[in-house]
Amino acid sequence: MSDSHEPHGHKIPEGEEPRWVDHPENVEKIVRALFVLTGLTMAADFAYHKHGHFGFENIPGFHAFWGFGSFVFLVLVAIQLRKVVMRDEEYYGDGDG
Amino acid sequence: MVEALPPGLILVLGALIIPFLPKGADGRDVLGKTVMLVLPVLGFVQILLLPDGYSLTGTAFGLELELVRVDRLAKVWGYIFHIAALLSAIYALHVDDRLQHVTAVMYAGCAIGAVFAGDLITLFVYWEGTAITSVFLIWARRTERAYRVGMRYLVIQVASGVLLLAGTVLWVQGPGEGSVLFTTGAFSFETLGDAGPAALVILVAFGVKAAFPLLHNWMQDAYPESTPTGTVWLSAFTTKLAIYALARGYAGTDILIPIGATMTAFPIFYAVIVNDLRKVLAYSLNNQLGFMIVGVGIGTDMALNGTAAHAFSHILYKGLLFMSMGAVMHRVGTTKASELGGLWKSMPKTTFFCIIGAMSISAFPLFSGFISKSLILTAAAEEHMTITFLVLLFASAGVLDHSGIKVPFFAFFAHDSGKRCEEAPTNMLVAMAGAAALCVGLGMFPGPLYDLLPYQVDFNPYTTTHVITQLQLLFAAICAFVVLNKVGIYPHEIPSLNVDFDWTYRKGLPMLVGWIRRVGGGAWHGFTGASVATIRRGVDWVGTHAGPAGRLGEPWPTGATAFWAAVLLAAYLLLQFL
């Protein structure tokens, strides 16, 4: 399929009704709900006594910051890695992918 | 009665009946497929009935063998291997290929036999058995490429067995003192200096199958090349057998902690950028093995329980994820992310099951990964291993990226590829439903699994702290995905491949050999040419001087001969007086 490599081009076949998640404004609703949920779990840290094994675990929202930071770090490093290791699909000469 | 046959042999021998069964008049293989379904059930019942402490011994080549050893550690693996075999068999029911069915069931049987093997020779036989039977699941694609991938896979797998045998010989002649019994903790060592050569060689043998860093590429090479159903079988047994062997022989070996931690962190960078989603899952599998190996390295009761529990739940959710991608492969013909998207409209049930697998591997509360991985993380925290703990937490966010988000998102959502297909076949859906039910069941009611674990467990994963902190980690990581996607930083799916350490033997080594042939060949020709010329000159010289025309070739006069004889005799006489 070489016809579409643009990242977010929707290609719903002719005659097919778009579904709920095909509308960008609904995706936006999901994203907003996600942000609210994340905020709530972070706020919850003030409402109970944490039993962490390490001192740093008692920082409010520590796991959220660590999770967000880890994810961003992972992706940024992977993008750099791609520059070094990415090859054409036929690199090994046996149609590897 | 149940002891009559060692565990695993029900499957190995039972599968051999399948080729001799008649097929129906319409060509349907009802009998063969029934046998394939019944064998894992029979084997499971056998494990249920075998008492702890049961042992079957024998002698061969003057060595004491323990063909069967039943204890709690072996039984956990015994149960889950049978469950995996049954689910995989259901998943493969639509396939009419007896070669795959027979070798797959034998493969599962060998893995089960290996888990219950009480000595290194028996372990070796089953160990090689898993290699030889499983390669057919790759070759079953019946393409030139699958043939080549299968050969690479087979060489590496068999080499692992050869190393195991070499290590066994070293062990028997050294610290084993003539015994080949594979006792618990037999090879554990404190530092590399303490480890004898036998323990190190066997560690590498296990490490190949467990996909240690730099020994791992056979998995990412082979698993995406198997058939849609074959990969599901492959994902369950080989690597988890290696984890069992490590847990049995190397518990508490410190070096396994950095090795395992590297495995949790290193493959996930690749998982972010790999295009083939089955290959993404292979990298993700590598990362999950890392958690289990850290557990073995920590070696406390809680950590080893964590390894066993995580192997158990991992086999289910990883199998489920491979099943969902196998269904996509079966219907669409590819699992390349760059060619997929929007499939939820065609395959809503498969999408649903895939998401359950994704939430389980991401360790959402109420799913199986949550109740097993937390044992390992808690064990690391209790031993105050700060760096290990933080690396595992980083890797947990990474799991969420590749298996939790990337696989379901790019296959079933993302941008609509416009592809429309049928829902997965019923048997595939049944197998996925079974695996999904177990993932959720274990997550909600971990008690029965905890009761199976090798050591007494006093652990409750559902504390407020644990649930809240885990949700924070996961939700915040999803937020990171959304943000990176929105600003356009998240890597797009590009048709490509990524070179990994396998470059060394697929490209580097052939290049080196070619270079040696070119450069070395010239030198060799120069060397042989010069040598021949030297020898020829020597022969010519002898010919000139000793030939018919040469000075040495002349006939000597009698007088000269008598003179030289007299000189020799005189010299001899003189020597007598000295």
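**Confidence in the model**

Helices (H or I, at least four residues) and strands (E, at least two) are DSSP runs, numbered from the N terminus. This is a predicted model, in which local features need pLDDT of at least 70 and side-chain atom pairs count only at pLDDT 80 or more, while totals for chains, interfaces and linings use all residues. Residues are numbered from 1 along each chain as its sequence is written, and chains are lettered from A and ligands numbered from 1 in the order in which they are written.

- Chain B has an average pLDDT of 93, with 99% of the residues scoring at least 70.
- Chain A has a mean pLDDT of 83, and 86% of its residues reach 70 or more.
- Within chain A, confidence is lowest in β1(A), at a mean of 89, and highest in helix α2 (residues 62-85), at 94.
- Over residues 1-8 of chain A, pLDDT stays under 50, and the model has seven contacts beyond four places in sequence for this stretch.
- For the complex, the predictor gives an ipTM of 0.86 and a pTM of 0.89.

**Contact between the chains**

- The interface brings 53 residues of chain B into contact with 52 residues of chain A, where contact means that the C-beta atoms of two residues, placed from the backbone, lie within 7 Å.
- On the side of chain B that touches chain A, two or more residues come from each of α6 (144-173), α10 (256-273), α14 (368-382), α15 (386-412), α18 (464-486) and β3 (497-498) of chain B.
- The most is given by α18(B), with 17 residues.
- By class, this side of chain B has 27 nonpolar, 15 polar and 11 charged residues. Ala, Val, Leu, Ile, Met, Phe, Trp, Tyr, Cys and Pro count as nonpolar, Asp, Glu, Lys and Arg as charged, and the others, Gly among them, as polar.
- Strand β1 (residues 86-87) of chain A runs antiparallel to β3(B) and is joined to it by two bridges; strands pair if DSSP finds at least two bridges between them.
- In this pairing, A:M86 stands opposite B:N498.

**Domains of chain B**

- Chain B is divided into domain 1 (1-176 + 187-250) and domain 2 (254-317 + 325-520), with bounds from an automatic or database domain assignment.
- The centres of the two domains, taken over C-alpha atoms, are separated by 23 Å.
- Their contact takes 39 residues from domain 1 and 40 residues from domain 2.
- On the side of domain 1 that touches domain 2, α3 (72-91), α8 (217-222) and α9 (228-249) of chain B each supply at least two residues.
- That side of domain 1 divides into 26 nonpolar, eight polar and five charged residues.

**Local features of chain B**

- Strand β1 (residues 55-60) and strand β2 (residues 63-69) of chain B run antiparallel and are joined by six bridges.
- B:S55 has B:R69 in β2(B) as its bridge partner.
- The hairpin of β1(B) and β2(B) has two residues between the strands, and B:F61 takes a positive phi near 50°.

Notes
pLDDT = per-residue confidence, 0-100.
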